[in-house]
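Have a look at the structure first, then read on.

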Amino acid sequence: MNAMVSSASQVLEWPRLLDLLAQQAQSVLGAARCRSLPLTEELAVAHRRQQETTEMVRLLEGDEPMPVLSFPDIRECVVRAGKGGVLEAQELRECAMVLALMEELERYMAQDRIETQMLVQMAVPLHGSKWLRPVRSAIDAAIQPDGAIKESATPELRRLTHHAQELKQEMREHLEQILHSRRYEEILQESYFAQREGRYVVPVKADMRGRIPGIVHDVSASGATVFLEPRELVDLNNSIKVADLEIEREVRRILRELTVLVSDKSDQIGHGIEVLAEFDCVKAKAELSRRLKCNPVSLNEQGRVVLKQARHPLLMIAKEQVVPNDIVADETVRVLVISGPNTGGKTVTLKIVGLYALMVRAGLHLPCAPESEMALFTQCYADIGDAQDLSRDLSSFSAHITQMVQFLSDAVEQAEAGESALPQSLVLLDEPVTSTDPQEGAALAEALLCRLASLNMKVIVTTHYGPLKELAQTTSGFANASVEFDVERLAPTYRLFMGIPGGSSALEIAGRLGMDETIVNDARRRLRHENRRLEQLMADLQLKQRQLAEETERAQRARAEAERAAAEAKALQLKMEQAEQEARKGIKKKLGEQFQRARAEVQATVDAVKREQKLIKAKEAKQRLSELEQQTRQELASPGEPIPLEQLKIGDVVEIAGLGMTGSLLETPQGKKRVRVKVGDGEVLATVSNLIGLARGSEVAASPAAPSTGPRRFSTGGGLGLDEQTVVDVRGQAADDALDQVVAALDRAVLDGAPFMRIIHGHGTGRLKSALREYLKDSPYVESFRPGDRAEGGDGVTVVKMR
């Protein structure tokens, strides 16, 4: 069975998909892990692996970038270090890179990762990476990023390096003297020096080498030049050689010490490398999911396959447009028979289901809609394509039958062993029992499908056999599906229709491919009448199905358009309401400016009244301001016709102008100057002329700017009675809003001749109190003001004496 499953993987092009996955990896180890993804047989493990991919997608789409998981494969280096070998500087440098990435990944995953618990668990082996920091620090201190040993690696290396540099500087000075010496002028071939075998030499003419005592180390290709070490430089060259050997010995000692540090942590480093490779593999899964627009799906063990808008992953890479299809074979369907024309997509549908079965076992997302479901099949058998084997003297028919016999034998053994009652095997058959007599082939195929169904296997089969279509239509546990053929265009549409069989359309396709029309017509006449009627019936069914699908699609689009239009209308309504509120605020500001000008006029009139003692001027000013207030009320009134004062009755909703308070009448206002109004849980004694009757049906809402604290009648320490005309409560308001309300109250207090006014502002931060008192200092209406006494509310109240 395992050999057949392996063969199914090849037929389904699973290695191609794994190669595509490996291309998304950033490391060699990650790519290798992608190409050898294990296929789990446990539902819980499949869930966990899929969740890991989902969490990685979430990280990749988040704001904080994930560390780049590109790292070298240092496993062989770590093993060699553990066996006593000495690592080279570049190898140690690569070890340091890996250790740094381990620490970076641990730090990244240690952040608040509530939605990535699976990945956090994967990173648990990295929690000890901080103990590897001394190893990385030691390597960083000794080796440069390019793999060269730093001169500062140890004090001894620095001393030896400086000593060697001094000797080489001395050698260069000697060589400069030689090059510019008259003694060597005729002997030197050119004026430069070189190194041969680590020793300094000068180029001497070959025919004059005997004139200078020394050692020949090399000869030029032409033989005209010999590279000679003059005898006077031999001792200095020897000293340089010794210094270089001492440096090399010190470097080897440093490398040996660093290798021991790596060796001591080899197990921990090995575990960390595995974690990095696993993270890179999961990241590759997430990148493939994003590239193919995949989604996680629900998994089950009941054999339920409900794929919505499914697409073949390899086709999505090869083509820009891939027709998505719904493939449904739930737990009630054991055998799904797919029929239809050649080149119509039947085999692609088989491969989609087969690939999806492998993908969910590997933790990959599927390129289908998120509401899809996929069963976990622990065994997958696929007989797709030509199995002819000439080396074994097997025809196509014989090869297919031989494979099926072996598969059935293994399946029966498993069933008799009672391994599972669940449908754990997926069988994909592409046109079974062909290449033989059609009637015998159809009969054998029917018997084969019934046998597979009795073994509780999930079978998806493609066919052109009419009896198989009839079997699927009339037998419980069987279902039909078909790929569509557009008769008008004489071309397949690659759309899959569930529940109806499809015709092969062989004659139409032959004509489309260039077959002589007379031959096609002759073949059509030779068809038995009932066969022609059956083909026509299936064509009509497909046409109606397509029309129904198109109408459904149009209805869905119309519904989506209606929902979008409703959302846009709602947003527009909200925007208009906001614009109306902004406009009302603008009107309020404009009227406030008008009131400021009116106050100046009123104040001038009040001053004139006080000088001339003429009551008529005061009445005229009061009337003028009342007109302005009435106009303001009308412009800022709530939607709906206000109720006239003479029609107000107990229980009607009224607004107390100036205070911004809304309440319900507790007594009728006719014939009275003041009435009681219920505001929230308290009462306010309001002047009738300041009431605005709101349209009946309006909701009573206490203004947040004026919270109710009980009946609104207070007494000052001097025994002066104060009602809503002379008491203003601005607690909890912004300074600008509170100032507007206080200014309006001052206007009314002046016109009513009130000697005092009390402003309740509370303590709070003191900012509101300071802003109000700063305004009162310059108000033309105010003679003086003071904080309230204890009985009046203390410093949370300001008592104003009017002019």
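**Salt bridges in the predicted model**

1. A network of salt bridges links R93, E103, R107, R133, R136 and D140. A salt bridge here is a side-chain nitrogen of Lys or Arg within 4 Å of a carboxyl oxygen of Asp or Glu. The structure holds 37 of these salt bridges.

2. A word on the basis: this is a predicted model, where local features need pLDDT of at least 70, side-chain atom pairs count only at pLDDT 80 or more, and totals for chains, interfaces and linings use all residues. Residues are numbered from 1 along each chain as its sequence is written, and side-chain values use heavy atoms, with hydrogens and water left out.

3. Helices are DSSP runs (H or I, at least four residues), numbered from the N terminus. R93 is buried at 10% relative accessible area, while D140 is partly exposed at 23%; buried means under 20%, exposed over 50%, and partly exposed in between (1.4 Å probe, protein chains only).

4. K351 and E13 also pair through their side chains, at 3.7 Å, N to O. K351 sits in helix α13 (residues 346-361) and E13 in the loop between α1 (2-11) and α2 (14-22), 338 residues apart.

5. Finally, R559 and E563 meet in a salt bridge of 3.3 Å, N to O. Both lie in helix α19 (residues 529-612), four residues apart, about one turn of the helix. R559 is exposed at 58%.

Terms used. Helices (H or I, at least four residues) and strands (E, at least two) are DSSP runs, numbered from the N terminus.
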